Amino acid sequence: MPIDTKGRPIILIGLMGSGKTTIGKELSKMTGLKLIDMDSIIEEQIGKSIPEIFREKGEKHFRALETALLRYIEASINEGKGSVIISTGGGIVLRPENREILRRMGFTVWFNVEVPVLLERTSRSQNRPLLQSPDRFEILTRLNKERAPLYEESAHLKLDSTYISVQDTVPLIHEAALRFFA
Ligand code: S3P
């Protein structure tokens, strides 16, 4: 069912493996809103993969690219290009400026997923530099602890989606977005 977001985006946030891209694709089909994936845009802009950017320039540089893109997206809302779904990278909430943008730019949804499920979903991933280590469980546990308050601060809706299927999650977001933008 198409949704009128009044020219503003639906933004998906959460840890790596929380389902932002998968759910974003289904939500895009249901709402007719275009899905934009911030990591993919950065890769296209720079002409390098995320692991290459981390390896060659470091995480700090990647974070600067991420904020620049977020600012650009917010500016483009004023040009009437804001009716989209945005899938973010898991670390988007690290910078206070980003958290402010996430709160004011549109409707922000946090997928709160338990660590064992995140671990399983990211187990075969080669393109996540922060997880290229044998102690992935410890890393995800730490990131979850550190970032949960930051996701909480940035989101309008927290979805405890560990045990909810993609098919069931999408209508929940749709309903909540309808109310938010009413
Ligand atoms: C990161 C998550 C990744 C990507 C980068 C850093 C993070 O995105 O932006 O590897 O800090 O959590 P996904 O959440 O889409 O995997």
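These questions and answers cover the ligand site, the pockets, the cavity and one backbone angle of a predicted model.

Visitor: In which pocket does the ligand sit?
Guide: The pocket in question has a volume of about 560 Å³. M16, K20, D39, G89 and R128 are the closest to its centre, out of 28 lining residues. The ligand sits in the largest pocket.

Visitor: Which elements give two or more residues to the lining of the largest pocket?
Guide: The lining of the largest pocket divides into six nonpolar, 13 polar and nine charged residues. Helices supply it at this level. They are α1 (20-31), α2 (38-46), α3, α4 and α6 (115-122).

Visitor: Which residues come nearest to the ligand?
Guide: The shell around the ligand has 14 residues. By class, it holds six nonpolar, three polar and five charged residues. Those that come nearest are K20, D39, R63, R128 and R147.

Visitor: What share of the ligand's accessible area does the protein cover?
Guide: R63 and R147 each place a side-chain N or O atom 2.7 Å from a ligand oxygen. On its own, the ligand has 390 Å² of accessible area. The protein covers 94%.

Visitor: Which element gives the largest share of the lining of the second largest pocket?
Guide: This pocket holds about 210 Å³ of space. K34, I36, I41, L69, Y72, I73, S76, K81 and V84 line it. Two elements give two or more residues, β2 (34-37) and α4. The largest share, four residues, comes from α4.

Visitor: How many residues in the lining of the second largest pocket are charged?
Guide: The lining includes K34 and K81. Six of its residues are nonpolar and one is polar. The charged residues number two.

Visitor: What is the volume of the largest cavity?
Guide: The count comes to one cavity of 30 Å³ or more. The largest cavity is lined by L15, W110, F111, N112, V113, L118, N144 and Y151. Its volume is about 40 Å³.

Visitor: Which element gives the most to the lining of the largest cavity?
Guide: The lining divides into six nonpolar, two polar and no charged residues. At least two residues each come from β4 (107-112) and α7 (136-154). The most, three residues, come from β4.

Visitor: What is the phi of K6?
Guide: K6 lies in the segment before β1 (10-13). Most residues other than glycine have a negative phi. K6 is not a glycine, yet its phi is positive, at about 55°.

Key: Residues numbered from 1 in each chain as written. Predicted model: local features only at pLDDT ≥ 70, side-chain atom pairs only at ≥ 80, totals over all residues. Heavy atoms only, no water. Near = heavy atom within 4 Å. Polar contact = N/O pair within 3.5 Å; in protein donor to acceptor, adjacent residues only side chain to side chain. Areas by Shrake-Rupley, 256 points an atom, 1.4 Å probe, with all protein chains shown as cover. 1 Å grid on protein atoms, 1.4 Å probe; cavity = no way out; pocket = protein on both sides within 12 Å on 5 of 7 lines; lining within 4 Å. Sits in = over half its atoms within 2 Å of the grid points. Nonpolar A, V, L, I, M, F, W, Y, C, P; charged D, E, K, R; others polar. Points joined across faces, edges and corners; volume = space filled by probe spheres on them.
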